[in-house]
Structures are given as C-alpha cells and as structure tokens.
Amino acid sequence: MKETASVHSSFGTPMKTLHWATAVLVLIMLYGGFTMSRETATMHFGTGLVVLVLMVAWLATRRASARPAYTPMPRWQEIAAKATHHGLYAAVTLQPIFGLLLVTTSKNEPVAYGVIPLKIARNDTLHEIGEWLHVINAYAIVGLVALHVLAVLYHRVILKDNVLKRMLPFAKV
C-alpha cells in the first residue's frame, strides 16, 4: 500500500493505543528476556503471544488508516525515519514468531501464563535456529528503539516541533 498522507497532523486513537500498548510490552519483554528465570519464563512466553496479536492488529490498523504526513525535514531524515519505523514493525512482529520457533521445538515443556502448552515437537536444530534468531533480533529491537527514542528527543528538545505530540494520547497538535 502506498504511503498516504492524511490531512490530519496526528495519529488516531486506535494507532496511539496500539503504539503505547506495544511499546510498554516490548520494553517489559526486552527486560524480561535479558533477565529471564524459570519463574518468569511462563509470563514471557504468554506476553510474547500478546505482542504478536498487538502487532497483527497494529499492521492491519496501519494499513487501513491514513498516516499523517511527516513533519518537514531533510530527505535523509525522512528516509532514516521510515527505515527505523519499518525496521521496528518487522523486528517486533518477527520476535514472537522466532520465540514460538524456539519454544515449540524445545526439549522442555514450555507453558504460556502457566496454562497454554507451547511445545509441538522437540527439534534441536530448529530450536537452535529459533534461539539464535530470537537473540539477534532482540538486539536489533534494542538498537531500533534507541534510534526511535533519540529521534523523538531530537525533535522535542532540539527542533521543538510537534512530532512527539502526534503520538501522545490526549495531545492536540
């Protein structure tokens, strides 16, 4: 679908809600993934499934709604912004899929939220591939989130424009 600029200068409530819900869960998942224990694994697995559902909803909503035009900026910044956004969409969507590859092929008996069994069949090769992809992608997400936050801070603190307000709940631009 072609990028369509909207006459609106802000995102709609569904996009803002999905953005912030996903952002909070991704940050929790990154922390949880890097500090995971046996006790927290079941929450991590379940929340990963929730992130996958949110990303599917995000992508469907994003596809169905017009995106506000980018704030005027140099071409290289617009390219960097689009690359970062698309990188985040892809990485955050793929992360729970890689996690599912990892847990469904485990030698253990992984369970999401203590009630949803996730193991399909043990396969050490697929498990190792899933583990590798999940870890590498987690670091990619950390880098992309850092770029995203730094860009927002640059727009807010240095340029003093309305980029941040476009995605804040209840903010009028």
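Lys160 sits in the segment after α4, and its phi is near 55°, a positive value in a residue other than glycine. Most residues other than glycine have a negative phi. At 64% relative accessibility, Lys160 counts as exposed, where exposed means over 50% relative accessible area, buried under 20% and partly exposed in between, with a 1.4 Å probe and protein chains only.

Please note that this is a predicted model, in which local features need pLDDT of at least 70 and side-chain atom pairs count only at pLDDT 80 or more, while totals for chains, interfaces and linings use all residues. Residues are numbered from 1 along each chain as its sequence is written, and side-chain values use heavy atoms, with hydrogens and water left out.

Tyr113 also has a phi near 55°, a positive value in a residue other than glycine. Tyr113 is placed in the loop between β3 (111–112) and β4 (116–117). Its relative accessibility is 36%, and therefore Tyr113 counts as partly exposed.

Let us turn to the chain as a whole. The protein chain has four helices and four strands; these are DSSP runs numbered from the N terminus, helices being H or I of at least four residues and strands E of at least two. From the N terminus on, the order of elements is β-α-α-β-α-β-β-α. Of the 173 residues in the protein chain, 35% are buried. The C-alpha atoms fill a box of roughly 50 × 30 × 25 Å, taken along the principal axes.

Next, the helix packing. How do α1 and α2 pack, and at what angle? The axes of α1 and helix α2 (residues 38–64) are 10 Å apart, at an angle of about 150°. Axes here are lines fitted to C-alpha atoms, for helices over the stretch in contact, and angles run from 0 to 180 degrees between N-to-C directions. The angle therefore makes α1 roughly antiparallel to α2; the classes are roughly parallel under 35 degrees, roughly antiparallel over 145, roughly perpendicular from 65 to 115 and oblique for the rest. By class, the contact of α1 with α2 has 13 nonpolar, eight polar and one charged residues. Nonpolar covers Ala, Val, Leu, Ile, Met, Phe, Trp, Tyr, Cys and Pro, charged covers Asp, Glu, Lys and Arg, and the others, Gly among them, are polar.

Helix α1 (residues 13–34) also meets helix α4 (residues 124–159), their axes coming within 11 Å and crossing at roughly 135°. That makes α1 oblique to α4. In this pair, His19, Val26, Leu27, Leu30 and Phe34 of α1 meet Ala138, Tyr139, Ile141, Val142, Val145 and His148 of α4, contact meaning heavy atoms within 4.5 Å. The residues of this contact divide into nine nonpolar, two polar and no charged.

Which residues of α2 are buried? Among them are Ala41, His44, Leu52, Met55 and Trp58. What covers the buried residues of α2 includes α1, β2 (67–68), α3, β3 and α4.

Finally, consider Thr93, in helix α3 (residues 75–104). Thr93 counts as buried because its relative accessibility is 14%. Thr93 and Met55 are 38 residues apart in sequence, with their C-alpha atoms 5.8 Å apart in space. Leaving aside neighbours within four places in sequence, Thr93 is in contact with Leu52, Met55, Leu59 and Leu88.
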